[in-house]
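Hi,

Here is the structure I said I'd pass on.

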Amino acid sequence: MRLKIIGSAAGGGFPQWNCNYRLSRRVWDGDPNLRARTQSSLAATANGNDWVLFNASPDIRQQIAFTPELQPQPGGPLRSTPIRAVVLTNADVDHIAGLLSLREREPFVIYATGRVLEVLASNSIFNVLDPEVVQRRELPLGKSTDILDACGKPVGMTIESFAVPGKVALFLEDRSKADEGFGTREGDTIGLRIASENGPAAFYIPGCARIDATLEDRLSGAECLLFDGTVYTDDEMITAGVGAKTGARMGHLHMAGEGGSLAALADLGIRKRIYVHINNTNPVLDAASPEHAAVIAAGWRVAFDGMEVRL
Ligand code: MLT
Ligand code: MN
């Protein structure tokens with residue numbers, strides 16, 4: 001199986017369009033130590049031909065332009081794509097807005113939980129993808145699903161979806177339920193185990209608020225984990241002066257310190273560990289920073305756009 005991280009930044013991207021914080025500033029200024037990054041998305045193939053996207057970011061058009069494997073293939077039909085399916089892990093704007101760019105009556109399949117499918121159904125703009133052409137299939141939690149293309153043909157990939165601690169999409173928060181997770185329900189945020197027929201599996205968890213015992217058990221001994229790398233410290237956006245929210249308030253577990261993902265995932269025997277969905281305030285974006293060095297020393301990699309993992 002080949003995994004390509006086609007977008008490694010969190011919502012907003014890096015640099016973010018309106019951001020003058022020191023990290024974005026350095027990219028605007030052309031500092032070669034910092035790589036620009038597009039918004040969160042992963043592409044994977046089990047057979048080398050049929051590709052599955054995991055989340056569709058607002059930058060999908062640019063991501064396809066940078067990824068020849070996702071472009072219409074030479075000599076192929078006049079209208080065609082190697083993208084057979086899009087699997088959604090939540091309804092955050094950075095994970096669903098790219099669907100709008102995949103219109104033009106091209107058949108593929110959207111896989112998501114019932115909760116996320118409700119969001120697509122209740123926002124009629126998503127009907128630019130006519131459900132007769134782009135089928136929407138429900139991902140049952142806790143079960144394995146073989147990914148099929150629009151003709152019902154398997155693409156050689158099986159996914160298992162499981163709920164992870166998280167939060168309902170920002171634009172759907174019910175502020176009257178602040179003490180009940182803003183109306184968050186099971187299925188709003190999921191993690192995925194992605195496997196090809198005979199190979200090892202990868203776990204993809206771009207949003208996760210907490211690592212509980214269930215998740216620890218699930219990830220124990222995994223070959224590969226792509227995990228929520230939004231913030232390095234919980235109060236990072238506040239200390240940076242760019243926002244009032246903690247990572248926890250956004251449904252994202254921080255990396256460093258007690259209870260952070262570096263410590264929580266240190267001793268589970270996970271072979272490849274990669275941080276994805278990195279916010280533009282996270283100091284690990286600077287390859288020369290002590291925080292970047294600490295993450296590397298702990299055995300992690302920091303994703304960049306185009307990073308490929310073969311399993
Ligand atoms: C998140 O991951 O918290 C969201 O994508 C934030 C956003 O809506 O941009
Ligand atoms: Mn996000």
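Before the details, a cut-off you'll need: a residue counts as buried under 20% relative accessible area, as exposed over 50%, and as partly exposed in between. Keep in mind as well that this is a predicted model.

By that cut-off L172 is partly exposed, because its relative accessible area is 34%. You'll find L172 in the loop that links β8 (154-163) and β9 (190-196). Together with V93 and F171, L172 makes a nonpolar surface patch of about 270 Å².

Now the sheets. One is an open sheet of 7 strands with mixed pairing, in the order β7-β8-β9-β10-β11-β12-β13. Its edge strands, β7 (144-148) and β13 (300-302), each pair on one side only. On average, neighbouring strands here are turned by 25° against each other, ignoring direction. Inside this sheet, β11 (residues 224-228) and β12 (residues 272-276) pair in the parallel sense over 5 bridges, with C224 partnered by K272 in β12. Helix α9 (residues 290-297) lies across β12 and β13, at about 140° to β13.

There is also an open, mixed sheet of 7 strands that runs β6-β5-β4-β3-β2-β1-β14. Here β6 (135-138) and β14 (307-310) are at the edges with a single partner strand each, so one side of each has no neighbour in the sheet. Strands β4 (residues 83-87) and β5 (residues 109-112) run parallel and are joined by 3 bridges; A85 has V109 as its bridge partner in β5. Lying across β5 and β6 is helix α4 (residues 114-122), which runs at about 150° to β6.

Cheers

Key. Residues numbered from 1 in each chain as written. Chains lettered and ligands numbered in written order. Predicted model: local features only at pLDDT ≥ 70, side-chain atom pairs only at ≥ 80, totals over all residues. Heavy atoms only, no water. Pairing = 2+ DSSP bridges. Helix = DSSP H or I, 4+ residues; strand = E, 2+ residues; numbered from the N terminus. Contact = heavy atoms within 4.5 Å. Axes fitted to C-alpha atoms, helices over the stretch in contact; angles between N-to-C directions. Patch = residues over 30% accessible without salt bridge, like charges linked within 9 Å, V, L, I, M, F, W, Y side chains within 5 Å. Areas by Shrake-Rupley, 256 points an atom, 1.4 Å probe, with all protein chains shown as cover. Salt bridge = Lys/Arg side-chain N within 4 Å of Asp/Glu carboxyl O. Buried < 20%, exposed > 50% of the residue type's maximum accessible area, 1.4 Å probe, protein only.
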